[in-house]
Amino acid sequence: MALPTVVQDLLDEGRIAIRGLMKFQFGTGTYGFAKSDQPIEWNGLTYQPGGIIKVSDLPGGTGTTARQFTIELAESPDDGLTPDVLKTIEAEDYRDRPVTIYDAFFHPDTGALLHVEALRRGYIDQLSHEEDPEEGYKLIADCETRALDYTRTNGRKRNMADQYRRVDGDNFYVNAATTGREEIFWGRARSTPKRARGFGSIQGFIDDINKRLGI
């Protein structure tokens with residue numbers, strides 16, 4: 001990732017402060033949580049203190065296969081994040097909704113927010129709840145990476161009506177209805193019908209007889 005120079009310099013000095021952010025984009029609203037003891041304002045959203053946040057390692061892999069990762073959000077009663085509040089997520093439209101994990105970089109002396117970097121993007125698959133002896137009540141979100149997009153279909157039909165709904169006046173598919181009926185001879189000679197050689201006419205009949213007699 002390409003970080004701003006001021007952030008990279010502070011990282012090299014080992015003096016920068018980093019806070020984890022987590023954004024849930026549910027069908028019923030967008031919610032942010034921060035691994036911090038204070039709310040963090042960024043990009044029009046307030047990230048509320050979220051107690052202990054853990055994100056599992058992402059298994060290595062290549063290609064377009066979606067990979068799984070897990071997010072754990074523990075209760076933080078002092079910040080208002082009680083078990084009852086965490087349970088209200090069940091009333092949200094959360095299945096297959098986007099979730100993004102960020103690192104927020106702060107100046108160690110002024111506390112100013114310098115930069116926010118997205119670390120992981122995915123979709124929520126399912127949620128579960130757990131009572132932990134040390135961390136108390138926890139919300140666990142099983143997620144899949146955005147490689148899941150490669151397997152999605154949108155049901156679009158490539159035709160003029162569909163294209164006009166997206167870009168008015170765009171005639172990109174104007175010939176789409178006829179191209180499937182056109183015969184194109186790619187990389188091979190096209191055979192000529194006998195009628196095209198004049199067969200059926202008197203001269204064609206004579207030429208055919210001479211050919212047969214070797215004349």
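How many residues lie between strand 7 and strand 8 in their hairpin? Six residues lie between them, and glycine 111 in the turn has a positive phi of about 75 degrees. The legends below describe a predicted model, in which local features need pLDDT of at least 70, side-chain atom pairs count only at pLDDT 80 or more, and totals for chains, interfaces and linings use all residues. Residues are numbered from 1 along each chain as its sequence is written, and side-chain values use heavy atoms, with hydrogens and water left out.

**View 1. The elements of the chain.** The chain has four helices and nine strands; helices (H or I, at least four residues) and strands (E, at least two) are DSSP runs, numbered from the N terminus. From the N terminus on, their order is α-β-β-β-β-β-β-α-β-β-β-α-α.

View 2. Nine strands form an open sheet with mixed pairing, in the order 3-4-2-1-7-8-9-6-5. Two strands are said to pair if DSSP finds at least two bridges between them. At the edges stand strand 3 (40-42) and strand 5 (53-55), each of which pairs on one side only. Strands of a sheet pair through backbone hydrogen bonds, either parallel or antiparallel.

View 3. Strand 3 runs antiparallel to strand 4 (residues 45-49), and three bridges join the two. Isoleucine 40 has tyrosine 47 in strand 4 as its bridge partner.

**View 4. Strand 7 and its neighbours.** Strand 7 (residues 98-106) is largely enclosed by the rest of the structure, because eight of its nine residues are buried; buried means under 20% relative accessible area, with a 1.4 Å probe and protein chains only. Strand 7 pairs in the antiparallel sense with strand 1 (residues 17-26) over eight bridges, and with strand 8 over nine bridges. Valine 99 in strand 7 is the bridge partner of phenylalanine 24.

View 5. Glutamate 117 belongs to strand 8 (residues 113-132) and stands opposite aspartate 103. Glutamate 117 is buried yet has no salt bridge, that is, a side-chain nitrogen of Lys or Arg within 4 Å of a carboxyl oxygen of Asp or Glu. The nearest side chain of opposite charge is that of arginine 121, 7.9 Å away; Lys and Arg count as positive and Asp and Glu as negative, while His and the chain ends are not counted. The side chain of glutamate 117 does make a polar contact with the side chain of histidine 115, at 2.7 Å. A polar contact is a pair of N or O atoms within 3.5 Å; within protein, one must be able to donate a hydrogen and the other to accept it, and residues adjacent in sequence count only if both atoms are side-chain atoms.

Definitions and conventions:
Buried means under 20% relative accessible area, exposed over 50%, partly exposed in between (1.4 Å probe, protein chains only).
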